[in-house]
Amino acid sequence: MTEKITLRPAALDDAQVLAQLWAATFPDKFGPILGDKAERVLYDWLRLSQRHLQTTTVAEIQEAVVGFIVLETPLAPRADDGRWLWHALQLNNGIFGALRGLLLMVLIDNDRQLSDNEVYIEMLGVDQVWRGLGVARCLIEHAEEVARQQGLSQLALAVVSDNTLAIQVYEKMGFITRAERCSRLFKWVTGHTGYYEMAKQLSTVNG
Ligand SMILES: CC(C)(COP(=O)(O)OP(=O)(O)OC[C@H]1O[C@@H](n2cnc3c(N)ncnc32)[C@H](O)[C@@H]1OP(=O)(O)O)[C@@H](O)C(=O)NCCC(=O)NCCS
């Protein structure tokens, strides 16, 4: 059976379900950094900052949120919302937990500068139950549409180098690997040796 997938901008009411999805789809990142209460920290971060919500599109099937994509564009660049992460961490993990979490987040943060011709996929995730149904394809095609509307010529992203499944999905969607980044620090925090920077060149409206 083919499920109908619909997309819409995320809203404040989605903070809870997005926190669940973030924690479930990126346990390797958020678990070590945010601790046992990762989902709760993410919920507080989302509702306090709202910056991520403004740059998130959710995918729904049968009116339930089943996936998300977070996009950074030259018109909506990454905001400096570290202070809201700090508040969310402090609320749930206390001052020392907050210091630890913020430090780890800063250490592994990919501070690559957004180029002025691209849309950057900050995060993409689909609920395990709903994978393999074209939800990620739909969300990536949405990112392409956003890029075209803004006259931008490429999509870019980073994916940990042992996430074979996601790499296969991206390659199938036309992404190629541009660079591999490795660091001991990254491995120490996340358990992954490094990550690939991938990009997809988009054809312009005129050709
Ligand atoms: C990676 C992820 C987003 C894929 O989501 P999905 O909704 O299952 O992917 P889709 O069903 O849209 O598949 C997109 C394309 O990849 C292909 N694909 C999906 N799973 C695949 C697999 N295991 N192996 C090879 N190709 C695969 C699909 O066939 C589809 O191509 P097609 O439309 O030509 O058939 C999902 O597995 C996920 O959330 N993983 C955890 C978080 C993560 O790793 N995010 C990406 C890292 S930034």
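Trainee: Across which strands does helix α6 lie?
Mentor: In this predicted model, helix α6 (residues 135-149) lies across β1, β2, β3, β4 (118-126) and β5 (154-160). Its direction makes an angle of about 35° with β3.

Trainee: What is the order of the strands in the sheet, and what makes a strand an edge strand?
Mentor: The sheet is open and has 7 strands in the order β1-β2-β3-β4-β5-β7-β6, with mixed pairing. β1 (5-9) and β6 (176-182) are the edge strands, as each pairs on one side only. From one strand to the next the twist averages 25°.

Trainee: How do you know that β2 and β3 pair?
Mentor: Pairing requires at least two bridges, and 6 bridges join β2 (residues 56-61) to β3 (residues 64-72). These two strands run antiparallel. Val58 stands opposite Phe68 in β3, and Phe68 in turn stands opposite Gly125 in β4.

Trainee: Which sense of pairing does β4 have with β3, and which with β5?
Mentor: β3 and β4 are antiparallel and joined by 6 bridges, whereas β4 and β5 pair in the parallel sense over 4 bridges. Within the latter pair, Ile121 has Leu157 of β5 as its bridge partner.

Trainee: Why is β4 called largely enclosed?
Mentor: A residue is buried if 20 or more other C-beta atoms lie within 10 Å of its own. In β4, 7 of the 9 residues are buried, so the strand is largely enclosed by the rest of the structure.

Trainee: Why is Glu60 called partly exposed?
Mentor: The partly exposed class lies between the exposed limit of 12 or fewer neighbours and the buried limit of 20 or more. Glu60 has 17 C-beta neighbours inside 10 Å and therefore counts as partly exposed. Glu60 is found in strand β2.

Trainee: Which residues does Glu60 contact, leaving aside those within four places in sequence?
Mentor: They are Thr6, Arg8, Val65 and Val66.

Trainee: How do you know that the buried residues of α2 line one face of the helix?
Mentor: In α2 (residues 27-34), the buried residues are Lys29, Phe30, Ile33 and Leu34. Viewed down the helix axis they fall within an arc of 80°, so they line one face. An α-helix has 3.6 residues a turn, so residues three or four places apart point the same way.

Trainee: What covers these buried residues, and what follows the helix?
Mentor: The cover includes α1 (15-25), α3 (38-49), α5 (82-108) and α8 (184-190). After α2 comes Gly35, which has a positive phi, near 85°.

Trainee: How do you know that the radius of gyration agrees with a compact globule?
Mentor: For 207 residues a compact globule would have a radius near 17 Å, and the protein chain has 17 Å, so the two agree. Along its principal axes the C-alpha trace spans about 55 × 40 × 30 Å.

Trainee: What part of the contacts joins residues at least 24 apart in sequence?
Mentor: The figure is 70%, taken among contacts between residues at least 6 apart.

Conventions:
Residues are numbered from 1 along each chain as its sequence is written. This is a predicted model: local features need pLDDT of at least 70, side-chain atom pairs count only at pLDDT 80 or more; totals for chains, interfaces and linings use all residues. The arc is that of the directions from the helix axis to the C-beta atoms. Two residues are in contact if their C-beta atoms, placed from the backbone, lie within 7 Å. The radius of gyration is taken over C-alpha atoms; the globule rule is 2.2 Å times the number of residues to the power 0.38. Axes are lines fitted to C-alpha atoms, for helices over the stretch in contact, and angles run from 0 to 180 degrees between N-to-C directions.
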